[in-house]
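This briefing is written for a reader meeting the structure for the first time. Please look over the sequence and the model before reading on.

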Amino acid sequence: MLPIALLPVAGLFLGIGASFTNQATIESYGLQSLLGDGTVLHTLLTVMKSAGGVVFSNLPVIFAIGVALGMAKKEKEVAAISGAIGFLIMHATINAMLDIHGLLAPGALPEGSLGMTLGINSLQMGVFGGVIAGLGVAVLHNRFYRIELPAMFSFFGGTRFIPIISAVTYLVVGILMFFIWPTIQNGILHLGDLVNSAGYAGTFIYGLTERALIPFGLHHVFAMPFLQTGLGGTELIDGVAVSGATNIFFAELASPHTQQFSVEATRFMAGKYPFYLFGIPGAALAIYHTARPEKRKLVLGLLLSATLTAVVTGITEPIEFSFLFAAPLLYGMHCVLAGLSFMLCHIFNVGVGQTFSGSLIDFVLFGVMQGNAKTHWINAILIGIPLFPIYYFSFRFAITRFNFKTPGREDDTEETKLYTRKDIQARDQKINPMSNKTKSEDVSALIISGLGGAVNISDIDCCATRLRITVVDERLVDDAMLKASGAKGVVKKGNGIQVIYGPHVTLIKSGLEVCLDNAE
């Protein structure tokens, strides 16, 4: 998630820079004196465009470092540098093999097979190459970072051994990839062609599946290949073959020759805007109107905060999980409507891309500011407007018809699923009223107890909104105690436990690690 967290900022740099240095935009709004060549603002915006572009151009190595760091259990900084080393050696080895076999000459391989990676002409592996390096190094790191070598070689033991074993391993991996990757590359492109050949039905299935996987935490795994690899299409932009929906969109954004953004790329992104900006608020309003009168004031605060978070930042899990656990049928309806939103945006040629999520900020930056001729952003609004009443009336009917216990409809003996900050503090104080520790330490101690104690915790990580824990014995996990710590939900999959807190989860993770270290 660390590389993904960088994308919104890089996207803002590139989006703002590209928008206001585009000659057509400057001439359309008569801003030559303010933004024309030679002005201070033009220089600053050009620098921003370059700064954002370099991140998207180097995502593979960023992923190699980020995945290795994220998957390492301890000594993460060593895993990060080893990930970079493994990535570089893999591509340098592939380059040497290509040179030996005379495949670097123009036309020796199909168009788009090769690409420059940090100055190395290698097979175009994209983000997959970074993930391969990062995952492999993480496995080596977790296996060997505490290795003890004979006294004669003891200097190279422990963490110093990781970059060494990574270098040796990825020299071999580079040789293997020279033979294996062209077949994988063709397979990915054919799979992308299959999805594309399904047309609007394929887009509907993509949108539905992406939403349906959110409760399992697998939506990033499903969407990433479409967004970052040839599975999401390949376009020739300014003479350079670009693969992956996100990469195609931002390459077109940076290009002065783009007349209209590729809908075949943005169909994997644009569909979020109508149901993020209109559908989810409609669902929230239905939940509010069906709440018991005496609980509406509490529910209003919770839903308003969660809805604003979804609309402004694109983080939808707080509102989605407010009805998921109470009524899975509602979430199923939501997935179907999300699929329809993706399909309709494809049908009506909405060419609005995104960075991290379909937020209002991204919509303005990459839709409105680029002009309707390029993006057809107005069509996204026209699709979204009817989605609001569809969400509202379908949710309201289902909630009342089946008496779903959505927030504000719980029995008197049950507490509302979403808690205010005051409620969480009151719960913590009730659990441990004599404690002099800080609130953060209280929450950390409560989470550890809910996970079955420190000895039951094998690994700790987090994504955008979830604490991801590997436990020794899942039977010791106490859902009620975790929810008392402020969790919006708990997802179990074998020994893997996902505890959903929201966008502040990184702070919870840091506090938890400190608490565990102090316990040792």
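The model is a predicted one, and residues are numbered from 1 along each chain.

**Helix α13**
- Helix α13 covers residues 272–289, and its 18 residues reach 25 Å from the first C-alpha to the last, which is close to the 26 Å expected at 1.5 Å a residue.
- Within α13 there is a kink of about 35° at glycine 279, shortly before proline 281.
- Of the 18 residues in α13, 15 are buried, and the helix is thus mostly covered.

**Helices α4 and α5**
- Two packed helices are described by the angle between their axes and the distance between the axes.
- Helix α4 (residues 40–57) and helix α5 (residues 59–71) have axes that come within 5 Å and cross at roughly 65°, and the two helices are therefore roughly perpendicular to each other.
- On the α4 side the contact is made by Val55, Phe56 and Ser57, while α5 brings Leu59, Pro60 and Ile62; five of the contact residues are nonpolar, one is polar and none is charged.

**Loop residues with positive phi**
- Most residues other than glycine have a negative phi.
- Glutamate 75, in the loop between α5 and α6 (76–100), has a positive phi near 50°, and it counts as partly exposed because its relative accessibility is 37%.
- Leucine 118, in the loop between β1 (114–117) and β2 (120–123), has a positive phi of about 55° although it is not a glycine, and leucine 118 is partly exposed, with a relative accessible area of 42%.

Technical notes. Predicted model: local features only at pLDDT ≥ 70, side-chain atom pairs only at ≥ 80, totals over all residues. Heavy atoms only, no water. Helix = DSSP H or I, 4+ residues; strand = E, 2+ residues; numbered from the N terminus. Expected span 1.5 Å × (residues − 1). Bend = angle between axes of the 7 residues up to and from the residue. Buried < 20%, exposed > 50% of the residue type's maximum accessible area, 1.4 Å probe, protein only. Axes fitted to C-alpha atoms, helices over the stretch in contact; angles between N-to-C directions. Parallel < 35°, antiparallel > 145°, perpendicular 65-115°, else oblique. Contact = heavy atoms within 4.5 Å. Nonpolar A, V, L, I, M, F, W, Y, C, P; charged D, E, K, R; others polar.
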